[in-house]
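The following note sets out some points on side-chain packing and on one helix pair. Please read it alongside the sequence and structure shown here.

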Amino acid sequence: MADLAEEEMDNPTFSSDTVLSDVHLHCPSKRHLMVRLNAVGQPVFLSYFKLLWSTEDLASGKHVREITTGREQQSRSGDELCDKDRSNVKEKGELNSEGVEALLDDDGDLEVVRRPRGASDLQAEDLLRDIVCPVILMKGKEDAFEDEEQECTCSDVVKIEHTMATPLEDVGKQVWRAAFLLADHILFQRDTFRGCSVLELGGGTGITSIIMATVAKRVYCTDVGDDLLAMCEQNVALNKHLMEPGGGEIKVKELDWLKDEFCTVFYDDDLTDALFRTLYRITHNLRNSCTVYLALEKRLNFTLRHMDITCEAYSHFRNTLNDLENLQDGKMKYTVEHIKADFCQFLVYERIEQLELWKIMAEHLA
C-alpha cells in the first residue's frame, strides 16, 4: 500500500477537466514534489510565500512609511528631472536654428528625451529584485523543512499547503490571486483591522485569514468540506509564528451557504446569490454595524451565444451588488465602494487589472 502511494506521488496526472490557479501555473521551473496525499487521494504541495518585509516592521508600520516616503521623494525628484529635461530640450531648440535637426544624433536618428522612471517603476524593480517564488518541498517532509528553513526566516514567510490542478468543486484547495490582493490590503490598512473580530467566508487554504490574524484579535475562517477544513487547520498550525507577536488567533469552522454544493464564489450565479443572502443574514443579526470586503478576479470567456468575449458571472455579481446597495427593506442600509488596487504590494504575485476589491458598509436603520 505504501509503495502504491509513493508511485502515485511520483506520477501525478491532471485530467482535462481540472482547473489550475495562475499562482501555481507561474511557479518557477523547479521540481514540483509533493509532501503527501490528502484524504481523497489528491497530491498536496507545500509552498513558501515571502512577505516583502518582516513581521517586526508590521507592528511598527516602518515599512509602509519608508515606502510612502520613498515614493514621494522619488516622484518629486522625477518631476524635477523631467522639468530640467524639458528646459534642456527647449534651450537646444532655441539655440539651434534648424529646429528638429538639433535632436538628431550623428546617424541622423531622432534623439528622444525620455522621462525618468517613476516611483512605481522603481518599486516594481525592487519587487523583482526581492522576488521569492513559491518553493515546492520534497516528500521527505522533515528533511525538506530543515533545508528550507535555513533559507527562509520565519518572520517573513507564509507556509501554505495546497493542491494543484483540481476539479472545479475543489478549487478552494488552491491559492488564488484575489486572496493575495485582499491580504495586501489588510497589510496596507492594518490599523483598520487591528484588534477586530473577523469572519472570512470561503477561506479556502486560509492564507487571507492567516494574514488577517497578524493584526486582528480573532478570525473565524469558514468553508465547507472536511478535507479542505483539515488543510486549513494545518496551514494555521504552520503559521502560528506569524500570529503570536500580535496575539491573534484563528478558529476554523464549517459554514455552508448552499448546502451540498461548493465551487468558486463569483463564477457561479447560484453561489453568488447564496453568498449575498448569507451576507444579509449575518449583517442583519449583528448588533453593530460592520464592514465587508469582497475580493475577486474577473474571468473573461469567449461564448458562442454572444460570439464575443464576455464575463456573465461577473455581470451577475455586479447586478447583485447593485441590488444590495439599493435595498430598501427599512432594516439595513448598505453602502458599496470600489477600492482602487493601487496600494503597496507585500506578497509576490501578478496584480492584473482583472483583480478587484469591493468594500460594503452595513448599517442598521433606526
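1. In this note, contact, or touching, means heavy atoms within 4.5 Å. The model is predicted. By that criterion, and leaving aside residues up to four places away in sequence, Val-158 touches Ser-47, Tyr-48, Phe-49, Leu-51, Ile-207, Ile-210, Ile-211, Asn-239 and Leu-242.

2. Val-158 also belongs to the largest nonpolar core, which holds 43 residues. Together with Phe-49, Phe-180, Met-212 and Ile-250, Val-158 touches the most other members of that core. Two or more core residues come from each of several helices, namely H7 (177-188), H9 (207-212), H10 (226-238) and H11 (240-243). The strands that do so are E3 (157-162), E5 (218-223), E6 (249-254) and E11 (355-364). Helix H7 supplies the largest share, eight residues.

3. Turning to the helix pair, H12 (residues 269-285) and H13 (residues 312-325) have axes that come within 10 Å and cross at roughly 20°. Angles under 35 degrees count as roughly parallel, and H12 and H13 are therefore roughly parallel to each other. The crossing of H12 past H13 is right-handed.

4. Which residues in H12 meet H13? They are Asp-269, Thr-272, Asp-273 and Phe-276. Their partners in H13 are Ala-313, His-316, Phe-317, Thr-320, Leu-321 and Leu-324. Of the residues in this contact, five are nonpolar, three polar and two charged.

Note on methods:
Residues numbered from 1 in each chain as written. Predicted model: local features only at pLDDT ≥ 70, side-chain atom pairs only at ≥ 80, totals over all residues. Heavy atoms only, no water. Axes fitted to C-alpha atoms, helices over the stretch in contact; angles between N-to-C directions. Helix = DSSP H or I, 4+ residues; strand = E, 2+ residues; numbered from the N terminus. Parallel < 35°, antiparallel > 145°, perpendicular 65-115°, else oblique. Left-handed = near helix turned anticlockwise from the far one by under 90°. Nonpolar A, V, L, I, M, F, W, Y, C, P; charged D, E, K, R; others polar. Core = buried A, V, L, I, M, F, W, Y, C linked by side-chain atoms within 4.5 Å. Buried < 20%, exposed > 50% of the residue type's maximum accessible area, 1.4 Å probe, protein only.
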